[in-house]
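Please look at the sequence and the fold shown here before reading on. The paragraphs below then go through a few local features one by one.

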Amino acid sequence: MNMVVLLCGDFGGPCPSCGAAVAFHVAEAVDAGRVMWTATSRCGGCGYIEQDRASPAEFDDVAGIVRLTLVAQVGLTRLHADPDENRALRLRSLAVFRRRGATIHEVADAYAALTGPGLTGTPAEMSVLAEHLTAEGVRVTLQPHHADRNENASARPASRSGRAARPPQ
């Protein structure tokens with residue numbers, strides 16, 4: 001297993017066992033080329049501990065909340081490819097987005113963003129996308145996105161499904 005924790009976030013809520021305050025810790029990692037989340041809850045009252053590890057898609061209706069929490073904690077990462085340097089690899093770049101489930105229109109938008117201002121996402125999301133693009137010979141750069149975290153918390157990269165509502169896997 002290739003697991004590197006890239007970011008973490010904390011938020012709280014009531015214990016399902018005793019009702020006392022529970023600290024939830026969320027970590028995002030890249031595991032075998034996929035974004036994975038680990039959510040751990042620990043009760044300060046009764047000692048209840050629960051841990052779930054899954055892909056963002058498996059977090060169902062709370063995936064957006066978890067992702068926003070992670071972004072609020074560490075911000076976004078920008079992935080960029082120089083259009084002139086990668087011109088000969090344009091079709092390979094487009095193919096990466098198609099394999100990740102993007103529609104033709106979404107592929108064009110993602111490529112324009114990648115070679116324009118850059119795509120933004122969590123460090124793990126952008127790391128996985130960078131790996132896929134680099135495997136096709138595309139030269140990319142990753143850097144922290146320094147805009148206001150709250151303003152960009154809902155920004156979505158071209159996801160596996162290609163739809164902005166779901167984080168990439």
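This is a predicted model: local features need pLDDT of at least 70, side-chain atom pairs count only at pLDDT 80 or more; totals for chains, interfaces and linings use all residues.

Residues are numbered from 1 along each chain as its sequence is written, and side-chain values use heavy atoms, with hydrogens and water left out.

Two packed helices are described by the angle between their axes and the distance between the axes. For helix α2 (residues 90–99) and helix α3 (residues 104–115), the axes come within 9 Å and cross at roughly 125 degrees. The crossing of α2 and α3 is right-handed. Residues R90, S93, L94, F97 and R98 of α2 meet I104, V107, A110, Y111 and L114 of α3, where contact means heavy atoms within 4.5 Å. By class, seven residues in this contact are nonpolar, one is polar and two are charged.

Helix α3 also holds T115, which is buried at a relative accessible area of 16% (buried is under 20%, exposed over 50%). A polar atom of the T115 side chain lies 2.8 Å from the backbone oxygen of Y111, and, leaving aside residues up to four places away in sequence, T115 touches H80, A81 and P83.

In the loop between β2 (21–31) and β3 (34–43) lies A32, which has a positive phi of about 50 degrees although it is not a glycine. A32 is exposed, with a relative accessible area of 62%.

Terms used: Axes are lines fitted to C-alpha atoms, for helices over the stretch in contact, and angles run from 0 to 180 degrees between N-to-C directions. Helices (H or I, at least four residues) and strands (E, at least two) are DSSP runs, numbered from the N terminus. A crossing is left-handed if the near helix is turned anticlockwise from the far one by less than a right angle, and right-handed if clockwise. Ala, Val, Leu, Ile, Met, Phe, Trp, Tyr, Cys and Pro count as nonpolar, Asp, Glu, Lys and Arg as charged, and the others, Gly among them, as polar. Buried means under 20% relative accessible area, exposed over 50%, partly exposed in between (1.4 Å probe, protein chains only). A polar contact is a pair of N or O atoms within 3.5 Å; within protein, one must be able to donate a hydrogen and the other to accept it, and residues adjacent in sequence count only if both atoms are side-chain atoms.
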